[in-house]
Amino acid sequence: MDAVTLEHITKTYEKGTVRAVEDVSFAVKPGELFGLIGPDGAGKTSIFRILTTLLLADSGTATVAAHDVRTDYQAIRNTVGYMPGRFSLYQDLTVQENLNFFATLFDTTIAANYALIKDIYEQIEPFRDRRAGKLSGGMKQKLALCCALIHKPTVLFLDEPTTGVDAVSRKEFWAMLGQLRQQSITILVSTPYMDEATLCERIALLQGGKILSIDTPDNIVRAYPHPLYAVKTDAVHSLLHDLRAYAPVLSSYAFGEFVHVAFRQNQPNNDAALRDYLRARQHTGIVVKPIEPTIEDRFIELMTANPTAAHGN
Ligand SMILES: Nc1ncnc2c1ncn2[C@@H]1O[C@H](COP(=O)(O)OP(=O)(O)OP(=O)(O)O)[C@@H](O)[C@H]1O
């Protein structure tokens, strides 16, 4: 049986004028590390709040650990761990006091489930008497994860756990999630960072409240349908302008120091012809090289193909 299911979930705000989640359906298998990937406002938090019973959907059904979110909310609250965005810590309580508080809420003790949090807790233990408000972002994140785990949940919801956290802490955090998976906890994690998508077993790409694609990161990238090139010249601004005026180019967008260019057709001379075109437009320092798409390229491609999702309506 699936650990989490959503069927045709829709959620609107402001008397129906803001369509935050639109006809979303997916299922998460027990023990899976599942990612909801999408930019700000895509609907990630609304979905998490519906699944953790903090928000009622307008329509559709959803279950967590076989409990209905509408009718069995008490059972779900006892069985899930939820780490909301911007961490739900008590800033004036110390590390130790925060943990004790969350353990008491669930009628358990730190000692009873210490094995589950041990690896993470050891990293913050030197600061056990420090107030949560005085911790660094990475430390807060670890403490929030310990608090979400202290009652041994079967399903863990992590809403943008790495937003605003430094690169090293982000990496450490994902390593911790890998360890938790070995304890057969189902994990749903949301993130706006495309590079983190590849660390999930399966992902749903979300935009404007709609699912653009659900699959393994590999399959999502493999389904990218166009020949893709990375292009650079000495004049970045006119490069974008000239690429958009070039008929064989389907789309072009800045990507780090390069511009990613998708061609309409797979012609063997795509790159040579583009070089000639750019030279004729007085570009110098021309680099054109074929590349493998990333999840971000696929996301952009799907948004272009689904303009209604791209505009959030
Ligand atoms: N309480 C609310 N009242 C009105 N609109 C809301 C409310 N909560 C969310 N929204 C809107 O619903 C849409 C989806 O928001 P949601 O917070 O679910 O997305 P998100 O992907 O989690 O983004 P973020 O990271 O910005 O929270 C956005 O357009 C947002 O402005």
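Helices and strands, as named in these legends, are DSSP runs numbered from the N terminus, with at least four residues (H or I) for a helix and at least two (E) for a strand.

**Figure 1. Overall view of the predicted model.** The protein has 313 residues, of which 38% count as buried. Its secondary structure comprises 12 helices and 14 strands.

**Figure 1. Overall view of the predicted model.** The protein has 313 residues, of which 38% count as buried. Its secondary structure comprises 12 helices and 14 strands.

**Figure 2. Close-up of the shell around the ligand.** The ligand is surrounded by 13 residues, and the closest are Tyr13, Ala20, Lys44, Thr45 and Ser46. Two elements, β2 (18-28) and α1 (44-51), each give two or more residues to this shell. The largest share comes from α1, with three residues. By class, the shell holds four nonpolar, five polar and four charged residues.

**Figure 3. Close-up of the packing of helix α5 (residues 137-149) with helix α6 (residues 167-181).** The axes of α5 and α6 lie 10 Å apart and form an angle of about 20°. This angle makes α5 roughly parallel to α6, because angles under 35 degrees count as roughly parallel. The two helices, α5 and α6, cross in a right-handed sense. On the α5 side, the contact is made by Gly137, Gly138, Gln141 and Leu145; Ser169, Phe173 and Met176 make it on the α6 side. The contact of α5 with α6 has three nonpolar and four polar residues, and no charged residues.

**Figure 4. Close-up of the packing of helix α3 (residues 95-105) with α5.** The axes of α3 and α5 are 8 Å apart, and the helices pack at an angle of about 25°. Helices α3 and α5 are therefore roughly parallel to each other. The crossing of α3 and α5 is right-handed. Val95, Asn98, Leu99 and Phe102 of α3 meet Leu143, Cys146 and Cys147 of α5. In the contact of α3 with α5, six residues are nonpolar, one is polar and none is charged.

Note on methods
Residues numbered from 1 in each chain as written. Predicted model: local features only at pLDDT ≥ 70, side-chain atom pairs only at ≥ 80, totals over all residues. Near = placed C-beta within 6 Å. Nonpolar A, V, L, I, M, F, W, Y, C, P; charged D, E, K, R; others polar. Buried ≥ 20, exposed ≤ 12 C-beta atoms within 10 Å, placed from the backbone. Axes fitted to C-alpha atoms, helices over the stretch in contact; angles between N-to-C directions. Parallel < 35°, antiparallel > 145°, perpendicular 65-115°, else oblique. Left-handed = near helix turned anticlockwise from the far one by under 90°. Contact = placed C-beta atoms within 7 Å.
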